[in-house]
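Student: Hi! I'm new to this one. Could you walk me through it?
Tutor: Happy to. Ask away.

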Amino acid sequence: MLNKPDFINELDYKLLKEKYHGQAFVDIIEKIRCDYPVQYAIGDVEFLENRILVDERALIPRFETELLVDKVRKYVKEYALDESNMLDLCTGTGCIAIALKTKFQKSSVIAVDISSDAIDLAKANAKNNSVAVDFVQGNILEEMNFGQKFSVLISNPPYVRLDEEVSPNTKFEPSIALYPGEDELAFYKRILFLSKKILTEKALVAFEIGAGQGDEVRALARETYPDARVVLEKDYNQLDRFVFVFLHCE
């Protein structure tokens, strides 16, 4: 049996030993040593109160996204939006939509992703966590018709700059979930434009953003909604990470 390598923590090592045996265990440890995400090797992560399956079809949920959802759930209660229609754009594993539906069971939750593979994974996660979320495969950069309006719109879209230094592990994650292309703000611009057509009068928009994008995304939101309250908030590392837009939330 291999001794625990320094690049794997005790809990993850225990979970790996439970899942892999013999040569398969040796092989997966070597694969992780070569930057394969340990979360993919284990196969699931905890996201708030839910267990989320993860594999190479979708981005691995981060602690920052947990914090985003935690903040949104607080604001939804504070402004009495807890029986609203909710929309999660760029859903990936479905972790955001599932966490919202778990908390607000009377709300209708729709989640969208361009990747049919990600949608399949998200559906499996919703089933495993016993929640009903309507997952839709579609490209939000193109025209979409939802047939209803929403009081909560949340998104953790692709926002990584093409020249940005990232963890080596991300090479195994779908690039379409990380990189928006030449315009790092493309998804924020599109979502804010789309929001004008699909939000109710009283509504909350919530974004996760890149650490250096706070001023720009906040400016875009203020340009779209001059009368709204727009708030920039920080993550656990005190980096600008979230933009919230409060429409008629008093």
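Student: What sits over the ring of Phe246?
Tutor: The charged end of Arg229 does, 4.2 Å from the ring's centre. A charge sits over a ring if NZ of Lys or CZ of Arg is within 6 Å of the ring centre and within 35 degrees of the ring normal. Keep in mind that this is a predicted model, where local features need pLDDT of at least 70 and side-chain atom pairs count only at pLDDT 80 or more, while totals for chains, interfaces and linings use all residues. Residues are numbered from 1 along each chain as its sequence is written, and side-chain values use heavy atoms, with hydrogens and water left out.

Student: And which ring does Lys31 lie over?
Tutor: Lys31 lies over the face of Tyr36, at 4.1 Å from the ring centre.

Student: Back to Phe246: is it buried or exposed?
Tutor: Phe246 is buried, with a relative accessible area of 2%. Buried means under 20%, exposed over 50% and partly exposed in between, using a 1.4 Å probe and protein chains only.

Student: How many aromatic pairs are there in the whole structure?
Tutor: A search finds ten. Rings of Phe, Tyr and Trp (its six-membered ring) pair if their centres lie within 6.5 Å; planes under 30 degrees apart are stacked, over 60 edge-to-face, and the rest tilted. One of the pairs is Tyr79 with Phe246, which is tilted, at 5.5 Å centre to centre and 55 degrees between the planes.

Student: What does that pair tie together?
Tutor: Tyr79 lies in the loop between α4 and β3 (85-89) and Phe246 in strand β9, so the pair ties together parts that are 167 residues apart in sequence. Helices (H or I, at least four residues) and strands (E, at least two) are DSSP runs, numbered from the N terminus. Tyr79 is buried too, at 10% relative accessible area.

Student: Which residues form the aromatic cluster?
Tutor: Tyr75, Tyr79, Phe242, Phe244 and Phe246 form one cluster.

Student: Why is the Tyr188 and Phe207 pair called edge-to-face?
Tutor: Their ring centres are 5.2 Å apart and their planes are at 85 degrees, so the pair is edge-to-face. Tyr188 is in helix α7 and Phe207 in strand β7, 19 residues apart. Tyr188 counts as buried at 0% relative accessibility, and Phe207 is buried at 0% as well.

Student: New topic. How far does helix α4 reach?
Tutor: Helix α4 covers residues 63-78, and its 16 residues reach 23 Å from first C-alpha to last, close to the 22 Å expected at 1.5 Å a residue. The expected span is 1.5 Å times one less than the number of residues. Its buried residues include Leu67, Leu68 and Tyr75.

Student: What follows α4?
Tutor: Ala80 follows, with a positive phi near 55 degrees. Most residues other than glycine have a negative phi. Ala80 is exposed, with a relative accessible area of 55%.

Student: What is the phi of Leu48?
Tutor: Leu48 has a positive phi of about 55 degrees, although it is not a glycine. Leu48 lies in the loop between β1 (44-47) and β2 (50-53).
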